[in-house]
Amino acid sequence: MRVTVIGAGVLGTMHAWHAVQRGHEVVHLEREAEARGASVRNFGLIWVSGRASGPELETALRARELWERIGRDVPELGFRPNGSLTVLRTEAERAVAAEAAARPDADVRGFTLLDAAEARALNPALRGDFLGALWCARDAAVEPRTAQRALRARLLASGRYTFLGGREARELVGGTAVRDDHGEVHHGDAVVLCTGAWLGGLVRELVPDLPVRRVRLQMMQTDPLGEALTTSVADGDSFRYYPGFAGPGLDALNAGQPQHPTAADHRMQLLMVQRSDGGLTIGDTHEYDQPFGFDVVEDPYSYLAGVVEGLLGRPLPPIRRRWAGVYAQCTDTTRVVHRQQVQDGAWLVTGPGGRGMTCSPAIAEATADAIGL
């Protein structure tokens, strides 16, 4: 078969990957020269720990398995099974972690409750004051700024893959042919649209009432830390944003421990991972009301810098980059992704939300199975 994939972010690239791996030919269209959206503006986290039991956790676990397999084939992804520590600074946060570590699926998630000394043994860079940490051995990371390029290089080597950057898909012609903004028509047997947060244009024409919203976030990256941050790191506020931690402990945390005003105003959690150059990627915020601001504001960055310095017990390296990104999320946040056949032979796949980087290999595998690739 000949498959046309629209959108070269991580979700579109993984759809191309599975099609080529199954012996098919792929023509890959991207409206930019290369992906510039949420797929390169994220942490690169493969985040299993807080996923909701059921389809979301199952998808994340399958994706984690696939990421490791693909990482062996494409070392340039920078895949590393570094795990994560959610650092606990209060008794209320420790109660949430203890509850999670005692659940029947704790082994599946890789949960272990650690005291402060055990956490520092795993990640010696954490020299600040805290009570302990929730260790998740299943979590991992890749390099988001280069992952799509690394995968594309391997796809090109197959001889069955064509990448066309700077091509915006304008029309589906006869179901499985795509006309781009250069006037060229790309014929094939199937079309998969993975346009991320770009929900206008052709997507709006095909699905006027798409049950997907856009979410904006802010992040930053530092100069090299000068030492290894051996695990990814989260703070206790992250419990509030991941459904896998729901329960009496989280209810008590929400009732008795309000977020810092800045964190509450910007719907924040701390997530932090070290890049291959030694710098730290730190975030993030959540903004849901559109139109989004065109600028980034300083308060969240200052707040997160203070949290990180408290955990590291040292000043943060200078900030090298600040940015905002926008991703697409199903309005029903319990859904892993919105997958819809929009015409005979054509499917739209979008809306994985903040789990897009984590779940993309498994989402693409499921699409390939569903459309008979």
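Where is Arg267 found? Select Arg267 and you'll land in the loop between α9 (261-265) and β15 (271-274). Keep in mind as you look around that this is a predicted model. Arg267 has a positive phi of about 50°, although it is not a glycine. Color by accessibility and you'll find Arg267 partly exposed, with a relative accessible area of 35%.

**Zoom out: the whole chain**

You're looking at 11 helices and 19 strands. How does the radius of gyration fit a compact globule? For 373 residues such a globule would come out near 21 Å, and the chain has 21 Å, so the two agree. Of those 373 residues, 58% are buried. Contacts reach along the sequence too: among those between residues at least 6 apart, 75% join residues at least 24 apart.

**Next stop: helix α1**

Select residues 10-21, which make up helix α1. From its first C-alpha to its last, this 12-residue helix reaches 16 Å, close to the 16 Å expected at 1.5 Å a residue. Is α1 enclosed or open? Largely enclosed by the rest of the structure, because 11 of its 12 residues are buried. Click through some of the buried ones, including Met14, His15, Trp17 and His18. Then step on to Gly23, which follows α1 and has a positive phi near 95°.

**Two cis peptide bonds**

Jump to the loop between β16 (280-283) and α10 (299-312), where Asp284 sits. Which residue is joined to Asp284 by a cis peptide bond? Pick Gly283: the bond from Gly283 to Asp284 is cis, with omega about 5°. Stay in the loop between β16 and α10 and select Pro291. A cis peptide bond joins Gln290 and Pro291, also with an omega of about 5°.

Conventions:
Residues numbered from 1 in each chain as written. Predicted model: local features only at pLDDT ≥ 70, side-chain atom pairs only at ≥ 80, totals over all residues. Heavy atoms only, no water. Helix = DSSP H or I, 4+ residues; strand = E, 2+ residues; numbered from the N terminus. Expected span 1.5 Å × (residues − 1). Buried < 20%, exposed > 50% of the residue type's maximum accessible area, 1.4 Å probe, protein only. Rg over C-alpha atoms; globule rule 2.2 N^0.38 Å. Contact = heavy atoms within 4.5 Å.
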